[in-house]
Amino acid sequence: MNRSSFIQQAIGLGPQWQARSGWFEQHPAELDRQAIQLAQQQASLPPLTDAPPSPPTLAEDHLPAPAMVTSAAAVASTAASASAPPQVTDRPEQPLTSPQPQVELGWEQLEHAVANCQNCQLCHTRTQTVFGRGNPQARWMLIGEAPGEQEDRQGQPFVGKAGQLLDNMLAAAGLDRENDVYIANVLKCRPPGNRNPNPEEILACSSYLQQQIRHVQPTLILALGRFAVQTLLQTEQSIGKLRGQLHQYQGIPLIATYHPAYLLRNLPDKAKAWQDMVLAKQHFSRLSS
Ligand code: SF4
């Protein structure tokens with residue numbers, strides 16, 4: 001199975017996941033894990049609801065405040081594109097699916113489940129899980145890739161220099177990190193050495209993000225970085241091609257932009273990221289009016 005198909009299934013946009021004949025014989029640990037999960041669900045978790053079955057590094061310097069990296073021409077260009085009729089990419093609307101029976105958890109139950117999760121190999125190398133941060137009732141949801149070294153130590157997403165950069169951009173856009181946004185990652189545990197998440201890990205962790213999105217019910221999603229963007233939009237297109245337009249994830253408007261850690265290593269793209277923020281802000285205003 002290619003990566004795209006796997007990711008589609010991981011985020012619940014692809015066809016129903018079914019193990020091929022002999023798959024479990026080649027992956028006995030997965031069979032054990034699923035059996036244990038099912039037993040735990042039957043023993044202690046709430047019954048399945050009628051809700052539709054729900055649903056993957058980089059480096060770090062100080063950013064000049066976003067306003068300082070913005071050229072007037074860039075903002076004018078962005079403003080012009082945002083005031084035009086919104087360009088929404090045509091993504092197929094498909095029901096969320098998951099490889100395991102989907103159990104809808106309350107927010108605290110979800111936090112507890114993540115904190116104790118051993119669904120993939122990352123549980124053996126993490127210091128702690130990183131569930132998310134911010135206001136679960138926020139109308140903005142920011143989704144990144146996975147915890148890095150600092151996040152793994154502190155248990156919070158987007159800390160360190162990348163987090164400072166994100167905070168600067170949010171503040172310049174008039175958004176408070178704790179009150180106006182909710183921030184989560186595709187993976188809740190740090191891949192060792194900040195390597196890219198692998199498809200099995202994305203699949204194992206997918207239902208947590210899906211449930212977070214359903215709880216938050218954001219007006220707009222800002223997807224940060226290649227992995228989050230490609231995972232949510234089930235595509236392998238580059239951010240360079242995906243940014244600058246309005247996408248949708250399960251009916252929720254989504255803007256794609258660069259990951260702050262990437263921006264710390266690629267100074268010229270900071271202005272583009274700020275354009276994306278301006279675009280997101282303008283679409284948000286339109287959606288809120
Ligand atoms: S990355 Fe996700 S699935 Fe894997 S152990 Fe952590 S919480 Fe569980």
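**Basis.** I note that this is a predicted model, in which local features need pLDDT of at least 70 and side-chain atom pairs count only at pLDDT 80 or more, while totals for chains, interfaces and linings use all residues. Residues are numbered from 1 along each chain as its sequence is written, and side-chain values use heavy atoms, with hydrogens and water left out.

**Ligand shell.** I listed the residues that surround the ligand: Cys-117, Asn-119, Cys-120, Leu-122, Cys-123, Arg-126, Lys-188, Cys-189, Ala-204, Cys-205 and Tyr-208. A residue is near a molecule if one of its heavy atoms lies within 4 Å of it. The shell divides into eight nonpolar residues, one polar and two charged. Ala, Val, Leu, Ile, Met, Phe, Trp, Tyr, Cys and Pro count as nonpolar, Asp, Glu, Lys and Arg as charged, and the others, Gly among them, as polar.

**Helix α6.** I turned to helix α6, residues 107-115, where Trp-107, Leu-110 and Val-114 are buried. Helices are DSSP runs of H or I with at least four residues, strands are runs of E with at least two, and both are numbered from the N terminus. Buried means under 20% relative accessible area, exposed over 50%, and partly exposed in between, with a 1.4 Å probe and protein chains only. Seen down the axis of α6, the buried residues fall within an arc of 60 degrees, so they line one face of the helix. The arc is that of the directions from the helix axis to the C-beta atoms. Glu-108 and His-112 are exposed on the face of α6 turned away from its buried side.

**Helix α8.** I checked α8, residues 160-172, which has 13 residues and reaches 18 Å from its first C-alpha to its last, close to the 18 Å expected at 1.5 Å a residue. The expected span is 1.5 Å times one less than the number of residues. Its buried residues are Ala-162, Gly-163, Leu-165, Leu-166, Met-169 and Leu-170. They fall within an arc of 160 degrees seen down the axis of α8, so they line one face of the helix. Just after α8, Gly-174 takes a positive phi of about 80 degrees.

**Two glutamines with positive phi.** I found that Gln-217 has a positive phi of about 50 degrees although it is not a glycine. Gln-217 is in the loop between α9 (199-216) and β4 (220-224), and is exposed at 63% relative accessibility. Gln-250, also not a glycine, has a positive phi of about 50 degrees. Gln-250 lies in the loop between β5 and β6 (252-257), and is partly exposed at 25% relative accessibility.
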